[in-house]
Amino acid sequence: MNEKEQIASQIAKLQEKYKDSGQDLSSYLDGLLYQRYLTYWDYIHLDTLLSLQVPRTYFPDEEIFIMYHQITELYFKLILHEQKQLVDDKSQKVAFFIEKTRRINSYYQALISSFSIMIKGMEREQFLQYRMALLPASGFQSAQYRMIEIYAAPLENLVHHTERGSLNGNESIETLYEHIYWKKGATDLATGEKTLTLKQFEYRYTPRLVRIAKQVENNTIYHKFMQLPAEKKDNKALVDALKNLDMNANVNWPLMHFGSAHRYLGKDAGEIGATGGTNWKDYLPPSFQKVVFFPSLYSKQELNNWGKQWVDHIFNPEKME
C-alpha cells in the first residue's frame, strides 16, 4: 500500500468512527488543525502538580513530608488501577491475573524501597516540631489504602482478628465494616471513644467505602482467585504473586511505617503520640493485626507466625536506622 492509499484508508476509518457523532469528519479535522501542539508540561499538568505542596510551617523538611505522602497516594492510585481491572475481568486468564498482580507488587516494592526517605531523609527535631501543626491529620486517614484492602479481600478477612471467631457468615457489609481491624487503631481501648481522626475519616469516607464493599461483594481479588478452575489455582507463578502481594501489603509496608514511627516517636525518655492519636505501637505491627488477604494460600503454621518479622525490628533496631 503506497502513501496515498494508506491516507485514503485512514480517512475512511475516521469517517466510520465519527459518522454517528452528529458532525462530519471535516469538522473534526478543523479541530485538529486549530489545536495547539501538546507539550510535556501541559500533558501532565506540571505547574499544577508542583503547586500542590503547601507547608503549614517554615521547617524545610515539612515539604519532604508532604511530597512523599503525595507520591504514596499516586502509587496507591496505580495499585487501585490494576485492582479494578482484575475485579472487572471475566476471562479467568491466568496470564492476565499474574501480570496485574505483578504490577501491583512492583508498585509496592517501589514504595517500600523508597520509604528510607521517611526514615532517614528528615531531621527528627524538625519533624517533632512541624508535626504539631498537622493535628489531628494522620496517614491513618488514607482512604485509598482502605480501598486497596476492600478490593483485595472480603471484609471478613479484614475484621479485627480478635473478633473473627465470632462471625457466623451472615453479617451484613455494614456490620463487618463496623468491626474492621483499623478502627481499633484510633479508638481508646479503655473508654471505647473514637479519636477525632477516626471520626473525621468515617464522616468523609464511610458511605464510599461501604458502597465499594458492596460492589465487590463476592467479587474481590481473593474471590476471583477462588473462582478459578482447580488447575489454574495451582499455577505456581500466580500463587507466588498473590503471596508476595499479601506480604507487601500486610507485612513489609506496615513494617516500614513501624520503623518510621519508632525512629521519630519511640525514642528518648518516653513514647510520643501520633498526630492522629493512633495507637501506633499496637496498630502498626503486622503480627498484632494478622491481616491476610488470601488465607487459603498458607499453612496453619504460616498463619500463626504471620508478621513475626517485626520482632527483629524491635530487638535489632539498627536495622531501622
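Tutor: What follows looks at one helix pair, then at its surroundings.

This is a predicted model, in which local features need pLDDT of at least 70, side-chain atom pairs count only at pLDDT 80 or more, and totals for chains, interfaces and linings use all residues. Residues are numbered from 1 along each chain as its sequence is written, and side-chain values use heavy atoms, with hydrogens and water left out.

Take the pair H5 and H6. Helices here are DSSP runs of H or I with at least four residues, strands are E runs of at least two, and both are numbered from the N terminus. Helix H6 covers residues 94-114, and helix H5 covers residues 61-88. Two packed helices are described by the angle between their axes and the distance between the axes. For H5 and H6 the angle is about 170 degrees and the axes are 9 Å apart. Axes are lines fitted to C-alpha atoms, for helices over the stretch in contact, and angles run from 0 to 180 degrees between N-to-C directions. H5 and H6 are therefore roughly antiparallel (the cut-off is over 145 degrees; under 35 is roughly parallel, 65 to 115 roughly perpendicular, the rest oblique).

Which residues make the contact? On H5 they include Tyr 68, Thr 72, Phe 76 and Ile 79; on H6 they include Phe 97, Ile 104, Tyr 108 and Leu 111. Contact means heavy atoms within 4.5 Å. By type, the residues of this contact divide into 13 nonpolar, 5 polar and 3 charged. Ala, Val, Leu, Ile, Met, Phe, Trp, Tyr, Cys and Pro count as nonpolar, Asp, Glu, Lys and Arg as charged, and the others, Gly among them, as polar.

Now zoom in on Thr 72 of H5. Thr 72 is buried, with a relative accessible area of 7% (buried is under 20%, exposed over 50%, partly exposed in between, with a 1.4 Å probe and protein chains only). Leaving aside neighbours within four places in sequence, Thr 72 is in contact with Leu 111 and Trp 253.

Lys 93 sits in the loop between H5 and H6. Lys 93 is exposed, at 56% relative accessible area. Gln 53 lies in the loop between helix H4 (46-50) and H5. Gln 53 counts as buried, at 15% relative accessibility. Not counting residues up to four places away in sequence, Gln 53 touches Glu 63, Ile 66, Met 67 and Gln 70. The C-alpha atoms of Gln 53 and Gln 70 are separated by 8.8 Å.

Finally, the whole protein. There are 18 helices and 0 strands. Of the 321 residues, 41% are buried. Among contacts with a separation of 6 or more, 70% join residues 24 or more positions apart.
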